[in-house]
Every structure is written in structure tokens, then in C-alpha cells.
Amino acid sequence: MSAIQTDLLFVYGTLRRGSDHDNAARLSAESEWLGTGTLAGTLYRVSWHPALVLDGEDTVTGDLLRLTDPAASLPWLDAFESCGPDDPPPHDYRREIATVLTAGGAVKAMVYVWNLPTGGLERIASGDWLEAHA
């Protein structure tokens with residue numbers, strides 16, 4: 001993955017606050033929760049996890065975090081998102097910088113974006129994985 005450009009991370013699925021996934025707890029311990037945010041895109045259900053594409057006009061809801069030590073957290077996050085150096089291409093996700101809208105204004109944050117075709121995937125119209133997954 002590319003060099004670290006920010007310590008802000010936007011998560012929209014199994015890593016969100018309120019998720020019961022083990023890695024959500026790990027990420028919580030390695031970051032500061034800054035609040036909820038949204039971005040423009042489309043959210044899909046892959047199976048037990050969602051996929052985000054930045055195309056589309058839906059509003060995707062997630063959590064904005066500040067990583068305590070990005071150099072320590074990003075390697076395991078990349079591996080979790082199947083886009084680490086040991087993952088064979090094509091990678092499921094890619095880490096990008098996107099504009100996230102928050103109560104305090106727009107910020108640039110890293111986000112893991114789906115890197116594979118979306119044909120046959122169910123669109124989550126609400127844009128909220130925790131609501132759709134409940």
C-alpha cells in the first residue's frame with residue numbers, strides 16, 4: 001500500500017464502533033474515536049462484511065478515527081482488508097484518501113475501497129452497515 005498520508009481513518013463496516021468483530025476492539029484500542037461521518041459512494045454486502053465503492057450518490061455512514069500509531073496499525077489493517085504485501089493480487093480492497101463529511105466539516109481520511117467487481121452484490125441502500133447487519 002501507499003505511504004501514510006494522514007492519521008485519520010474512516011471505517012464503515014466490521015471495524016466500526018458497535019461491531020462485535022475482534023478487530024473492531026483492536027482498532028478501538030489503537031485509535032481515538034472522533035465521531036461519525038459520511039461520504040458519497042455505494043455500500044454493498046459481500047457476505048459477512050461490506051464493500052464500499054466511491055461511485056454513486058448514496059450516503060455511506062461510518063466512524064472517523066485518529067490512529068494512535070499509523071505505522072503500527074496499518075500493516076495489520078491492510079492484511080485484514082486483503083491488500084497487504086503478502087496478499088496475492090487482485091486485492092479485495094485498496095486504501096485511498098477520501099473526503100469525509102463530519103459535524104466539524106470536511107476532512108481527508110484513509111478508507112478501504114472495494115477493488116473487485118460489484119456485479120451480483122446486494123446494494124445496501126441505507127449506506128449503514130451496522131443498521132443493515134443488525
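Since the model is predicted, local features need pLDDT of at least 70 and side-chain atom pairs count only at pLDDT 80 or more, while totals for chains, interfaces and linings use all residues. Residues are numbered from 1 along each chain as its sequence is written, and side-chain values use heavy atoms, with hydrogens and water left out.

## Overall fold

Let's start with the whole chain. It holds 3 helices and 6 strands, where helices (H or I, at least four residues) and strands (E, at least two) are DSSP runs numbered from the N terminus. Along the sequence, these elements follow the order β-α-β-β-α-β-β-β-α.

A compact globule of 134 residues would have a radius of gyration near 14 Å, and the chain agrees because its value is 14 Å. That radius is taken over C-alpha atoms, and the globule rule is 2.2 Å times the number of residues to the power 0.38. Along the principal axes, the C-alpha atoms fill a box of roughly 40 × 35 × 25 Å.

Of the 134 residues, 43% count as buried; buried means under 20% relative accessible area, exposed over 50% and partly exposed in between, with a 1.4 Å probe and protein chains only. Contact means heavy atoms within 4.5 Å. Among contacts between residues at least 6 apart in sequence, 67% join residues at least 24 apart.

Two strands pair if DSSP finds at least two bridges between them.

| Strand | Partner | Sense | Bridges |
|---|---|---|---|
| β1 (residues 8–11) | β3 (residues 50–67) | antiparallel | 4 bridges |
| β2 (residues 31–45) | β3 | antiparallel | 14 bridges |

β2 and β3 also form a hairpin, with 4 residues between them. Leu64 in β3 is the bridge partner of Phe10, and Gly35 stands opposite Leu64 too. Val11 stands opposite Asp63 in β3.

Which residues of β1 are buried on its two faces? Leu8 and Phe10 are buried on one side, and Leu9 and Val11 on the other, so both faces of the strand are covered.

Leu43 is a residue of β2 that counts as buried because its relative accessibility is 0%. Leaving out residues up to four places away in sequence, Leu43 touches Tyr12, Pro50, Ala51, Leu52, Val60, Glu122, Arg123, Ile124, Gly127, Asp128 and Trp129. From C-alpha to C-alpha, Leu43 and Val11 are 12 Å apart in space, with a separation of 32 residues in sequence.

The buried residues of α2 are Pro70, Ser73, Leu74, Trp76, Leu77 and Asp78. An α-helix has 3.6 residues a turn, so residues three or four places apart point the same way. The cover over the buried residues of α2 includes β1, α1 (22–29), β3, β4 and β5 (105–114).

Ser73 lies in this helix, which spans residues 70–80, and counts as buried because its relative accessibility is 2%. Apart from neighbours within four places in sequence, Ser73 is in contact with Glu30 and Leu67.

Two backbone details are worth a look in the loop between α2 and β4. Most residues other than glycine have a negative phi, and most peptide bonds are trans. Ser82, which is in that loop, has a positive phi near 60 degrees. Is Ser82 buried, exposed or partly exposed? With a relative accessible area of 23%, Ser82 is partly exposed. Pro90 lies in the loop between α2 and β4 (93–102) as well, and the peptide bond from Pro89 to Pro90 is cis, with omega near 0 degrees.

## The largest pocket

Rolling a probe the size of a water molecule over the atoms shows where empty space is left. On a 1 Å grid over the protein atoms alone, a pocket is an open set of points where a 1.4 Å probe fits, with protein on both sides within 12 Å along at least five of seven lines; lining residues have an atom within 4 Å of a point.

The largest pocket holds about 200 Å³ of space, the volume being that filled by probe spheres set on the grid points, which are joined across faces, edges and corners. There are 15 lining residues, and Thr14, Pro50, Phe80, Glu81 and Tyr93 lie nearest the centre. The lining divides into 9 nonpolar, 4 polar and 2 charged residues. Here Ala, Val, Leu, Ile, Met, Phe, Trp, Tyr, Cys and Pro count as nonpolar, Asp, Glu, Lys and Arg as charged, and the others, Gly among them, as polar.
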